[in-house]
Amino acid sequence: MNSGIGLIVWIIAYPFVSFSLGVLLGGYGRKLTARIQRRVGPSWIQPFFDVVKLMSKKTNVSHGYMHDVAMMMLVGGTLLTMYFVPVPGFHYFSQFGDYIVIMYILLVPPLGMALGVGQTANPNGSIGIARALQMLAGYEVTFVLTFIGFAMKNGTTSMYELMMIQQSGGVATWGLVTNPLLGVAALFCLQGMMNEKPFEVVIAPHEIATGPMTEMGGKYLGMMFIQHLINLVVELTIYMNLFLGGATNWFEYVAKLFALFTLVMSVNAVYGRFRTDSALRFFWKLPLPMAALGVILIMINGI
Amino acid sequence: MYTQALLALPLVGFVVTIVLQGTARRSPAILKTWALLAFVAMAAVATLAFPEIGDTYTGPMVFGSSLSIGLTDLSWWFVMMIAGITVLTSFFTLGALRDTGTYPMYYGWLFLKVFGMLGLVMSRDLLTFFIMWEIMSWATYFVMQQGKEEGREAALGYLVYAIVAGMVLLGGVLFIHQSAGSFEFAVITAYMAKAEFGILLASVLLVLVPFLIEAAVYPAHGWLPSAYASSETSMTAYLSSISTRMGLFGLILFVFSVFGLKAIDRIGISAHLNLRTILLVLAALTAVLPTYTALFQHDAKRLLTWHSIGQGGYMLLGLATASTLGTAGGLMHIFNYMTYVALIIFSIAAVEYRTGTTNLNKLGGLIVKQPVAFLGMLFGIIGLAGIPPMNGFVSKWFIYRSLILGGYPFIALAAFIATVGTIMSVYKLIHNTFLGQLPERYNDVKEVGLLMQLPIWILMGVVFTTGVFPGLILQWIAKIQVGMGIVPIAWTLGGVAREAGDLNMMVVTAVFMATFAVGAIIFFIGGKRRIVSQYDNYAAGHFLNKDVPYNFNYNFYSAFDHIFEKLYHDAPVQTAIRNLGRFVRMVADYVRRFFTGQINTYAAYYVAAVIIALAILKEIP
């Protein structure tokens, strides 16, 4: 499906597929949290209703052109990342950009959001952004180290090739199995990347209003929701492709997606919120040395 | 022919500017126009000199060997960068330099500096190289002085480093001449290939140390921030974008051509532990530490000068790997950094022109008043942070890939840590300048004139175009790599060929534009929006008006501050420099006591010296 009509169909349909998966994941996450807290919880496709409601609001308050453009950058950047992350049956774009490209285009949506939030001129929003950027030094740095080690071991920086190498020998060649230190360290980072507790200091409801979302309403909030849902799928897929051997078919893909998300949401449900400096110190004390050890082991084995 | 003319032009410019100096106060336009025309002519001559690549021209004989200049692929590339950025800077100063009377020799020293830099990159023997190096260093010192009062003292700091570098280089030049018997590059290359290890090591160290000082590589970076930041703002742009890179030029020339990579790699104990490893570690430190120092700066210019050091670390990282990908990235980063840092500082200069300050704690919300400057800075910071589709990303991609596949995981990690620091500090820069609340006192601020806007627009175009079509730059880099004795990069217009990796910026940009359009469609599907006042804002029920400062820009990264406060204030290099200063003052204090200022004391010294001399002479048979 990587040429001709099939490719065009994929390119057009993939955002919708991804969004639907995101809706299901988001709904599942809320339901799961509710059940852990002994509530009934909302409907499975509640995120979809939320998006429709927000997008059809009559009052849409803007603070200027950067605020508007930021929303397009936010959704555009996330869709861009989505195309470059290979999924079963669709890896056309991975020949034009390896994981180093993905690593950097992952920064486009936060940058867009940061610029937009900056123009809303709300200190709560700016604080949220400042926190988000500082958190990058915690989870993103660690995650990149796990990738560097894994790429060095396999001699390629292409995500598709890394995925294929892992699929060559079943579960035994999964990144999590061959390099458990890297895999587990990256799992901590995934929690941070997804802004879930204990690393949800960016949004921090009730503390800094809702951080970056403080001045967002109507379609602005709606677009942030859309971005968030697609982003859920993209980030889980990145981890899956790097450490769980990707997926060979869509059944496996969806199963792994939900399994991984269950883990993330379970941790989210039972933890409180770390302060920014505590979260950073945590990342530098546990996952980062762990990843470093993993990389050193790879270097020793290589020589 | 054009090669000599290229070198003669700035010298003529220097002389004419001295003659025209008197007009600076009454009619500044004369000097400005003259400088711009001369620099444009210089750029034209540089372009015309292209067919002369490979020719060498000899000049007067000095110390038994003739001074010679000539163009190579590497030097022509540097000449074009110097010419381009000089034209843009002098164009920008047409509008930006309000008060030429204050700096009558601004253009004069600029001419001399350009002369020094062009001579340096075109020199074809060691002696010419040294002479041009000295001219350039002194001109840089004078150029820095054309600024505010505090700039004078900071420039003195630079001078100390430059003199040390110059003296070490002089030692190196003489040592190499002594052992190789010639100033000619070809003779030195042949000699070094077979030289004794001790001689090789001494020559390499004596030559590389000055380059590392000039390139502001950690821990010899201390001179740069205050010297650059207190210069006139357009000059800050010029110095940051090209001046510091002369040290790197020397490094490239000597490591890859004059000494040769084989000779350099003899210095070390194994293939993974040699001089280049040390360079890599220094480069990683240079990339990380200054970048995080930039985070704590409150002045836009000062913040960017710290990045001048940090980004130099990236260039050295790429070059020190000595691989195809790495050198391509390092060389490309020199060009890329030049374009986007000039762009950012021009935008800052536009803000300073209207508001009179570059203090990040006092600015804010200027996006509505100066949208062009905002766009300029936006393009620039996206480049500086290395985010697609701007050109800064492409060179970083090369550097990362070479480090990962070359087996330097922790150096690659350091490069990424520096990237995170860069993103943080550039966001602080753009947030505190253009975003957030607009202070009432800037309500009357207007966009700068077209003269100042034009260089900003041009650089925006360059930063974007070379980001989407990196092949435009890579075709030169492939040629330079051949001259450096490295397998040239397999480039395509949009990135690299399949065998070198997966990168096609044209596709990445096209997809980004398409997805951005999807974002726009979703945005316009939603209802009509209404732009509200900045005081119409969530404040937990409190009322906002112009009397309530409602902004977050002071102590922007408080968690980092909290964690690193101690480390930042007791940074090892700063402490060492402070202690060194204290030591020198102590020694000088003792020495001072000999000079009492009384003739009797000096007479006593004289008598004592004569007695000692006689005593010694008597002992000698």
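Guide: Let us start with B:Ala216, which lies in the loop between H9 and H10 of chain B. The coordinates come from a predicted model.

Visitor: Why is B:Ala216 called buried?

Guide: B:Ala216 has 27 C-beta neighbours inside 10 Å. A residue is buried if 20 or more other C-beta atoms lie within that distance. B:Ala216 therefore counts as buried.

Visitor: What makes the phi of B:Ala216 worth a remark?

Guide: Its phi is near 55°, a positive value in a residue other than glycine. Most residues other than glycine have a negative phi.

Visitor: Where in chain A is A:Ala121 found, and why is it described as buried?

Guide: A:Ala121 is found in the loop between H5 and H6 of chain A. It has 27 other C-beta atoms within 10 Å, and it is therefore buried. A:Ala121 has a positive phi of about 55° although it is not a glycine.

Visitor: How do you know that the bond between B:Tyr218 and B:Pro219 is cis?

Guide: Omega is about 0° for the cis peptide bond that joins B:Tyr218 and B:Pro219. B:Pro219 has its place in the loop between helix H9 (197-214) and helix H10 (224-229) of chain B. In chain A, a cis peptide bond joins A:Lys197 and A:Pro198, with omega about 10°; A:Pro198 is found in the loop between helix H9 (180-193) and H10 of that chain. Most peptide bonds are trans.

Visitor: Why does B:Gly406 count as partly exposed?

Guide: B:Gly406 has 18 C-beta neighbours inside 10 Å. Partly exposed residues fall between the exposed limit of 12 or fewer and the buried limit of 20 or more, so B:Gly406 is placed in that class. B:Gly406 is found in the loop between helix H18 (391-405) and helix H19 (409-434) of chain B. Beyond four places in sequence, it touches B:Thr321, B:Ser323 and B:Gly326. The C-alpha atoms of B:Gly406 and B:Ser323 are separated by 8.2 Å, although the two residues are 83 residues apart along the chain.

Visitor: What makes B:Ile382 a buried residue?

Guide: B:Ile382, in helix H17 (residues 371-385) of chain B, has 27 C-beta neighbours inside 10 Å. The limit for a buried residue is 20 or more, and B:Ile382 therefore counts as buried. Its contacts, not counting residues up to four places away in sequence, are B:Ile387 and B:Met390.

Visitor: What makes E1(A) and strand E7 (residues 530-531) of chain B a pair?

Guide: Two strands pair if at least two bridges are found between them. E1(A) and E7(B) are joined over two bridges, in the parallel sense, and in E7(B) the bridge partner of A:Ser62 is B:Ile531.

Visitor: How many residues does each chain give to the contact?

Guide: The contact takes 68 residues from chain A and 61 residues from chain B. On the side of chain A, the largest share, 16 residues, comes from H6(A). The residues of that side divide into 39 nonpolar, 21 polar and eight charged.

Visitor: Which helix of chain B has the lowest mean pLDDT among the elements of that chain?

Guide: Helix H24 (residues 572-592) has the lowest, 74, and helix H20 (residues 450-468) the highest, 93. The mean pLDDT of chain B is 87, and the predictor gives the complex an ipTM of 0.93 and a pTM of 0.90.

Definitions and conventions:
Residues are numbered from 1 along each chain as its sequence is written. Chains are lettered from A and ligands numbered from 1 in the order in which they are written. This is a predicted model: local features need pLDDT of at least 70, side-chain atom pairs count only at pLDDT 80 or more; totals for chains, interfaces and linings use all residues. Two residues are in contact if their C-beta atoms, placed from the backbone, lie within 7 Å. Helices (H or I, at least four residues) and strands (E, at least two) are DSSP runs, numbered from the N terminus. Ala, Val, Leu, Ile, Met, Phe, Trp, Tyr, Cys and Pro count as nonpolar, Asp, Glu, Lys and Arg as charged, and the others, Gly among them, as polar. pLDDT is the predictor's confidence in each residue, from 0 to 100.
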